[in-house]
Every structure is written in structure tokens, then in C-alpha cells.
Amino acid sequence: MRMPKRPSGRHLLWVVMLFLALPANASRDQRLARYVEKDPSYKVRIRAVLALGKLKPSRALPILSRALDDPHSLVRLVALSLLSKQDSAAVFTLLKAFVKREGNSRVLRRARLLLRGMQRKRSVACLPAPY
């Protein structure tokens, strides 16, 4: 049986599951980053971004920030949803810059909602405790 030139989505799913079963190392992160940045299929890039959600936030943040520059809007939406789960100053700054440059109305609406939610959380956290 001849192997296909490019892995199918089902094949990539098994590869991603195998990566997640391995201990964390730099080569696994680099391979996922390569799938996110260079694979021609947006479906493969979405699965790779979803796999990044399983990593520690500090390891996934640089790759997810590069996924926000993806040409396909669904990849950017998935990266936004994963970034919204990380509540940090770096993500807040990243989302503010992303809102200024995004052109797709659907992605822009989602990014603004996430940004407002993060602002509300920050403002509530800054309030003094009731006596």
C-alpha cells in the first residue's frame, strides 16, 4: 500500500495524540508550530492549534500569537478562543494589538468580546474587598 504524499486529517489527529502522549520537549513544540505555520490545509492548522491548547500556557503563547496571523479566519478564531483562557497581561496586550489590525468582521467581533471580558475581570479584580 502506498502512503499519501500529505497526511490526511485523520492521520494528523493520531500524530497530534501521539505528541500529547510524549513528555514535553522542544521538538514536539517545534513540530506543532511547523504544522500551525506551514501546512497548506487550514483543517490541519486548526487541529494543531487545538493541540497547542493542551500545552502549558507559557509554551503555547508564542505559537498561538503567530496563529493569529493565519490567512484563514477559522484558524484565527480557534487561536483566539484558546488565548482567552489564558488571563495574563501579555495576552491582553496581544489582543489589543490584534483588534487594531484584524479585517474579518466575525473574527474582530469575537476578539472585541474577549477583550471586553478580560477588561471586566481586571476591573473587578482591582475593586477593594467589601467590609
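Among contacts in the protein chain between residues at least 6 apart in sequence, 58% join residues at least 24 apart; contact here means heavy atoms within 4.5 Å. The model is a predicted one, in which local features need pLDDT of at least 70 and side-chain atom pairs count only at pLDDT 80 or more, while totals for chains, interfaces and linings use all residues. Residues are numbered from 1 along each chain as its sequence is written, and side-chain values use heavy atoms, with hydrogens and water left out.

**Overall architecture**

The protein chain contains seven helices and zero strands, and from the N terminus on its elements run α-α-α-α-α-α-α. Helices (H or I, at least four residues) and strands (E, at least two) are DSSP runs, numbered from the N terminus. Of the 131 residues of the chain, 39% count as buried. Buried means under 20% relative accessible area, exposed over 50%, and partly exposed in between, with a 1.4 Å probe and protein chains only.

**The nonpolar core**

In soluble globular proteins, nonpolar side chains tend to be buried together. A nonpolar core is here a set of buried Ala, Val, Leu, Ile, Met, Phe, Trp, Tyr and Cys residues joined through side-chain atoms within 4.5 Å. The largest such core has 35 residues, and those with the most contacts inside it are Val 36, Val 49, Leu 52, Leu 64, Leu 80 and Leu 95. Two or more residues are given to this core by each of helix H2 (26–38), helix H3 (42–52), H4, H5, H6 and H7. H5 gives the most, with seven residues.

Val 36 is placed in helix H2 and is buried, with a relative accessible area of 2%. Not counting residues up to four places away in sequence, Val 36 touches Arg 45, Ala 48, Val 49, Leu 52, Ile 63, Ala 67 and Asp 70. Leu 80, with neighbours within four places in sequence left aside, is in contact with Leu 68, Leu 95, Phe 98, Val 107, Arg 110, Ala 111 and Leu 114.

**Packing of H4 against H5**

Two packed helices are described by the angle between their axes and the distance between the axes. Helix H4 (residues 57–67) and helix H5 (residues 73–84) pack at an angle of about 145°, with their axes 9 Å apart. Axes are lines fitted to C-alpha atoms, for helices over the stretch in contact, and angles run from 0 to 180 degrees between N-to-C directions. H4 contributes Leu 61, Leu 64 and Ala 67 to the contact, and H5 contributes Val 75, Arg 76, Ala 79, Leu 82 and Leu 83. By class, this contact has seven nonpolar, no polar and one charged residues. Ala, Val, Leu, Ile, Met, Phe, Trp, Tyr, Cys and Pro count as nonpolar, Asp, Glu, Lys and Arg as charged, and the others, Gly among them, as polar.

**Loop residues and their partners**

Glu 102 lies in the loop between helix H6 (89–101) and helix H7 (105–126). Glu 102 is buried, at a relative accessible area of 12%. Its side chain makes a polar contact with the side chain of Arg 76 (3.0 Å). A polar contact is a pair of N or O atoms within 3.5 Å; within protein, one must be able to donate a hydrogen and the other to accept it, and residues adjacent in sequence count only if both atoms are side-chain atoms. Beyond neighbours within four places in sequence, Glu 102 is in contact with Arg 76, Val 107 and Leu 108.

Pro 71 is found in the loop between H4 and H5 and counts as exposed, at 73% relative accessibility. With neighbours within four places left aside, Pro 71 is in contact with Arg 45 and Arg 76. Asp 87 is placed in the loop between H5 and H6 and counts as partly exposed, at 48% relative accessibility. Outside four places in sequence, Asp 87 is in contact with Met 118 and Lys 121.

**Helix residues Ser 73 and Arg 106**

Ser 73 lies in helix H5 and is buried, with a relative accessible area of 17%. Arg 106 belongs to helix H7 and is partly exposed, with a relative accessible area of 43%.

The table lists C-alpha separations for pairs of residues.

| Pair | Separation in sequence | C-alpha to C-alpha distance |
|---|---|---|
| Val 36 and Val 49 | 13 residues | 6.4 Å |
| Arg 106 and Ser 73 | 33 residues | 8.3 Å |
| Pro 71 and Tyr 42 | 29 residues | 8.9 Å |
| Asp 87 and Lys 121 | 34 residues | 9.1 Å |
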